[in-house]
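Please examine the sequence and the structure shown here before reading on.

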Amino acid sequence: MNMMISMAWRNIWRNKVRSVVIMISIALGLVAGLFIMGLYEGVLNDRLNTVIRQEVAHLQVHHPRFQRDYEAVFCLDSASRLVERIRSLENVQAVSARTVAPGMLATSTGSAGVQILGVVPVDEDAVSGLKQKLIEGEGFKANRHNQVVIGRKLADKVNLRLNSKLVLTFTDIENNLVSAAFRVAGVYQSTNAPLEERLVYLHAVDLNRLMQMEDACHEIAVLLNRDEAMTTAEQQLNRLYPNLLIENWQQLSPETKLMIETTDTYSIIFIVIIMLALMFGIINTMLMAVLERTREIGMLVALGMNKLRLFMLVLWETVILTLTGAPFGLLLSWLLITHLGNSGIDISSISGAAMSGFGFSSLIFPRFPWSSLPLVLYIVCITALLASLVPSFKALRLIPVEAMRQ
Amino acid sequence: MDTIIDAHQVTKTYNPKAIPVVAVNDVHMHIERGEFTALVGPSGSGKTTLLNLIGGLDKPDTGSIVIHGTDITRLSANQLIDFRLRNIGFVFQAFNLIPVLSARENVELIMQLQRAPKAEIRKRAAILFDQIGLTDKMDTRPAQLSGGQQQRVAVARALASRPQVVLADEPTANLDSKSASNLLDIMSKLNREENMTFIFSTHDQRVIERARRVITLVDGKIASDTARVDTSHRHDVQTNPE
């Protein structure tokens, strides 16, 4: 076996230029594939972070009927006690109680349908980083009533500025229509344009008063200190509050979950396509190598090399040729992705608006797809094995006495 | 005497459906162990074809070839490969050493294919290189060896598996006189010392003069079969039935 591998290795270097070219092709193919995977992973990781740390958090607690009907009456009573209890659980980093009301925003120049969230500013900052997203104003100030924080998209749409007045109309807990005037205390910007246009934040005290809800909320968002703790925390909450609806981010944002699952598949399909293209290059190279050595192969069979050994010799050559290029491709990919992962790729000038429209940041930080690496290496090995079949069978079909005449 | 090759009514025709060329025509031949035989004849007389048939590289259309008790015409392709590995040594006109292996590795390859123990492989290779006088060139690649040296390595490779028969197709054709003479000395010495059977096709008068039996082929048939006791005495032992 050692002699076979040694022969295979030396055979590869008979035509150095040809072998190096195919190794470079394999390396570049891997770089292309892994870079695309890294890009996808970076985008999705960023999106996932946004979903968890800016939008829905890891877990949410609702009245079982609230998500279905969105009626104010389906609220969680004794919200402050509930929040304190949840905050004391293991792995819980921050908790924010939200009062939710679909409503209409009106100004002197226009109107828009909005989702009103009544929040405790400090808690909401800890869960969704509301304060960090402010690009204008300082947000909610103590001892001031009827302040509102709106998104930049909404502000542009209805021509609102800092300190502008607006009227919000919504229904209270008894289904009465309530209208109240608010002053813009801050404008926030997020990577999710649709949310930026829809979500407006009020102080929970103001909204609860107007909706006649005392110490109640519709939604409790729970942010954990690590993603892996989600299942345990979810089970714990389900045990503690069997009558409430506990949902994780995958249930709250199924489109994100679907995106992660399908993008993994797309990445693999992409790698497979690249490897298929490379496979034909490898087959071509190995066929040339076999045809150039027709006489030698005939001689080996004449001397007594059996078909299995001959097959293994060509197979080893193909596998070594392929796998020699692979480490360079992996190293190059890692260097490229790590570098761009630190500096980021700004695509705002190309498709920033489109990315934002789907809730993605236009500054992408690719991440090396470590989790997919075993699968990628498996695909490379399969490519090598499949590519070896054609030249191996070609070698097996040679008839020694005819091969030696060439 | 111990018969090592018994060829009976062997015929081989190329292009049987188009323009048939009878390369070997009803050949009967017996070779005893330890013979040093030359197959001679003009180009196209069937020397190489007969060697290929005896070596199991080609199959005859009719007849049988029994080598050391095995009728090789009845063996499958895979069985033939194994038979060649264990019973036949080949020396080719163009040396045909594997360029990416050193001289020693070329010789050892055959024994590795036979799955011989490593220590035995090393020992046998050392002995053979000593016999061919190339101990100092064992780790040299074929491209760095002269034609004569390459052919000596090819002889060592042919002998490595301790075959029943060594078949050499025009072994001196690409060699100068000195190298050819040197090679013949070695082959003749190995023939005597290891009692190994050598059959070689040749046009080379120097080789013919060193052979102890000369079989002449004309148009695929054995025209004469002459054995010599030594270089000064010859006598016919058998002629072709026709």
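Predicted model: local features only at pLDDT ≥ 70, side-chain atom pairs only at ≥ 80, totals over all residues.

Residues are numbered from 1 along each chain as its sequence is written, chains are lettered from A and ligands numbered from 1 in the order in which they are written, and side-chain values use heavy atoms, leaving out hydrogens and water.

Q: How are α11(A) and α13(A) oriented to each other?
A: Helices are DSSP runs of H or I with at least four residues, and strands are runs of E with at least two, numbered from the N terminus. The axes of α11 (residues 254–292) and α13 (residues 307–343), both of chain A, come within 11 Å and cross at roughly 135°. Axes are lines fitted to C-alpha atoms, for helices over the stretch in contact, with angles from 0 to 180 degrees between N-to-C directions. Angles under 35 degrees count as roughly parallel, over 145 as roughly antiparallel, 65 to 115 as roughly perpendicular and the rest as oblique, and α11(A) and α13(A) are therefore oblique.

Q: Which residues of α13(A) make the contact with α11(A)?
A: Contact means heavy atoms within 4.5 Å. From α11(A) come A:Ile282, A:Thr285, A:Met286 and A:Val290. The residues of α13(A) are A:Val314, A:Glu317, A:Thr318, A:Leu321 and A:Thr322.

Q: How many residues of β2(A) are buried?
A: Buried means under 20% relative accessible area, exposed over 50% and partly exposed in between, with a 1.4 Å probe and protein chains only. Strand β2 of chain A spans residues 92–106 and is mostly covered. Of its 15 residues, the number buried is 11.

Q: Which residue of β3(A) is the bridge partner of A:Ala101?
A: Two strands pair if DSSP finds at least two bridges between them. Nine bridges join β2(A) to the antiparallel strand β3(A), residues 111–119, and a hairpin connects them through four residues. In β3(A), the bridge partner of A:Ala101 is A:Ile116.

Q: Which residue in β6(A) stands opposite A:Met104?
A: Strand β6(A), residues 165–171, runs antiparallel to β2(A), with three bridges between them. Opposite A:Met104 stands A:Thr169.

Q: Is B:Glu108 buried or exposed?
A: B:Glu108 lies in helix α3 (residues 103–113) of chain B. Not counting residues up to four places away in sequence, B:Glu108 touches A:Met3, B:Ile121, B:Arg122 and B:Ala125. With a relative accessible area of 3%, B:Glu108 is buried.
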